[in-house]
Amino acid sequence: MTNQLDVAIVGGGIVGLAQAWMASRQGAQVGLFERSSVAQGATVRNFGMIWPIGQPAGELYDVALKSRQFWLELNSAGALEVEQCGSIHLAHHEDELQVLDEFISKGTHEAELISAEEVCQRSKLANPQGLLGGMYSESELRVNPRVAANQIRLWLESQCHIDMHFNTQITSIEGHELQSSEGDSWHADKIIVCSGSDLQTLYPEEFDQSGLVLCKLQMLKTTAQSGSRESVVPHIASGLTLRHYSSFLDCPSLELVKERVSAESPLLDKYGIHVMASQFPSGEVILGDSHEYGADISPFDKAEIDALMLDELRKVIQLDDWSIREKWHGIYSKHKQLPIYEKQVNDAVSLFVGTGGAGMTMSFGLADRYWEQNS
Ligand SMILES: Cc1cc2nc3c(=O)[nH]c(=O)nc-3n(C[C@H](O)[C@H](O)[C@H](O)COP(=O)(O)OP(=O)(O)OC[C@H]3O[C@@H](n4cnc5c(N)ncnc54)[C@H](O)[C@@H]3O)c2cc1C
């Protein structure tokens with residue numbers, strides 16, 4: 001290990017790992033600094049959905065598809081297992097089906113409208129009651145978020161010779177020098193701060209001026225469902241999800257969905273609830289999620305939110321066993337307009353944070369774009 005680096009990355013979540021990988025592909029000697037012994041932030045708390053279908057047509061969809069290719073490359077290299085599972089958006093209301101139809105008619109994303117029967121053939125999870133049809137897309141991937149970051153870290157260390165400094169909190173950055181809480185220091189030509197939802201500690205003023213907001217999400221995981229899982233199990237998104245991803249924004253009927261939901265269930269808007277489900281090879285199903293924005297993130301989770309999510313989930317999916325095995329929340333930072341907040345603070349330091357709800361989907365592509373623009 002060296003104390004002299006070409007590139008230093010602060011943060012060992014998916015964004016920091018993506019930056020480290022892309023920097024090393026440029027031939028740089030890279031060091032990555034993470035304060036925990038293993039990543040514990042948003043990167044291990046998510047659904048593990050690589051979700052290009054949620055990105056609007058144009059540059060962001062292209063970045064998501066490029067990112068997807070990087071995940072598949074990691075899979076081929078044996079770094080971790082990536083399932084090519086695809087996704088289904090369910091329509092249990094006419095207005096939802098209309099939005100899906102309008103979305104597919106644009107021809108911007110690889111997706112097809114399928115009948116209710118075909119939805120049920122493709123997924124045992126879909127609730128056939130009141131199901132009108134769905135949209136199938138092949139592009140979505142599944143990774144296990146609990147282990148993915150650690151597996152990538154090990155692969156980057158062994159295959160790309162990146163210096164991994166875990167249990168190392170960076171407490172200050174002055175010019176090209178990084179200092180740790182243990183009193184160690186490193187010099188790097190370039191320092192990229194990928195500290196996720198915690199930009200305040202190192203750069204409080206930058207955070208205040210950035211336009212970044214914090215968001216808290218509640219999540220649930222069921223016990224393993226009985227019987228063996230089918231070989232390919234698409235992620236499931238509900239009609240409520242159409243309100244969430246910007247890819248659907250220009251579908252004229254989206255307003256009808258939004259108006260109906262806010263009239264029927266205003267609490268879903270209040271807590272930013274839309275529901276999704278993803279079944280893992282273990283048989284367990286990750287369920288979520290809610291979105292509470294603001295600077296004061298409460299450490300206490302709301303039982304009301306879990307109950308609302310489960311009510312909505314029971315309308316759109318079916319499970320043999322609804323017993324909840326785990327509950328948790330995650331926090332990310334997000335910019336209203338940008339897919340990531342990139343800022344060069346001085347000639348040494350760049351900030352690269354705020355991937356919002358799409359960090360697993362976008363990080364590799366965004367880091368690749370960064371190095372295309374900055375090398
Ligand atoms: C509940 C939930 C569900 C989600 N679902 C999905 C999904 O299915 N698909 C998708 O694409 N995205 C999803 N996201 C979004 C995605 O998880 C995030 O965008 C992404 O994980 C952010 O990665 P990150 O590396 O910026 O942050 P983090 O994972 O939070 O990592 C930042 C790291 O920086 C470290 N750090 C901070 N300061 C320092 C310091 N001074 N010194 C050393 N280390 C430091 C922290 O310890 C932390 O490990 C979800 C997010 C949540 C919360």
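This report walks through the domains, ligand shell, core and strands of one predicted model.

The model is predicted: local features need pLDDT of at least 70, side-chain atom pairs count only at pLDDT 80 or more, and totals for chains, interfaces and linings use all residues. Residues are numbered from 1 along each chain as its sequence is written.

**Domains**

The chain is assigned domain 1 (4–45 + 146–210 + 338–374) and domain 2 (87–137 + 212–335). These bounds come from an automatic or database domain assignment. Taken over C-alpha atoms, the centres of domain 1 and domain 2 are 31 Å apart. Domain 1 gives 14 residues to the contact, and domain 2 gives 10 residues. Two residues are in contact if their C-beta atoms, placed from the backbone, lie within 7 Å. On the domain 1 side, α2 and α7 (204–210) each supply at least two residues. By class, that side has six nonpolar, seven polar and one charged residues. Here Ala, Val, Leu, Ile, Met, Phe, Trp, Tyr, Cys and Pro count as nonpolar, Asp, Glu, Lys and Arg as charged, and the others, Gly among them, as polar. Helices (H or I, at least four residues) and strands (E, at least two) are DSSP runs, numbered from the N terminus.

**Around the ligand**

The shell around the ligand has 44 residues, and G13, G41, G196, G330 and G359 come nearest. A residue is near a molecule if its C-beta atom, placed from the backbone, lies within 6 Å of it. The shell holds 18 nonpolar, 21 polar and five charged residues. Domain 1 and domain 2 each contribute at least three residues to the shell. At least two shell residues come from each of α1 (14–25), α2 (42–45), β12 (212–222), β17 (324–335) and α11 (359–374).

**The core**

In soluble globular proteins, nonpolar side chains tend to be buried together. The largest nonpolar core in this model has 108 residues. Such a core is a set of buried Ala, Val, Leu, Ile, Met, Phe, Trp, Tyr and Cys residues joined through C-beta atoms within 7 Å. A residue is buried if 20 or more other C-beta atoms lie within 10 Å of its own, exposed if 12 or fewer, and partly exposed in between, with C-beta atoms placed from the backbone. A8, I9, A20, I191, V193 and I236 touch the most other members of the largest core. Its largest share, eight residues, comes from α1. Domain 1 and domain 2 each give this core at least three residues. Leaving aside neighbours within four places in sequence, I191 is in contact with A8, V10, I173, L178, A348 and V349.

**Strands**

A8 also has a place in strand pairing: its bridge partner in β2 is G31. Both faces of β2 (residues 30–33) are covered, with V30 and L32 buried on one side and G31 and F33 buried on the other. β12 is mostly covered too, as nine of its 11 residues are buried. Two strands pair if DSSP finds at least two bridges between them.

| Pair | Sense | Bridges |
|---|---|---|
| β1 and β2 | parallel | four |
| β12 and β17 | antiparallel | 11 |
| β12 and β16 | antiparallel | two |
| β12 and β15 | antiparallel | three |

C215 stands opposite Y293 in β16, and M219 stands opposite G288 in β15.

**An exposed loop residue**

Q129 lies in the loop between α5 (116–122) and β6 (133–137). Q129 counts as exposed because it has 9 C-beta neighbours inside 10 Å. The C-alpha atoms of Q129 and I317 are 9.2 Å apart, although 188 residues separate them along the chain.
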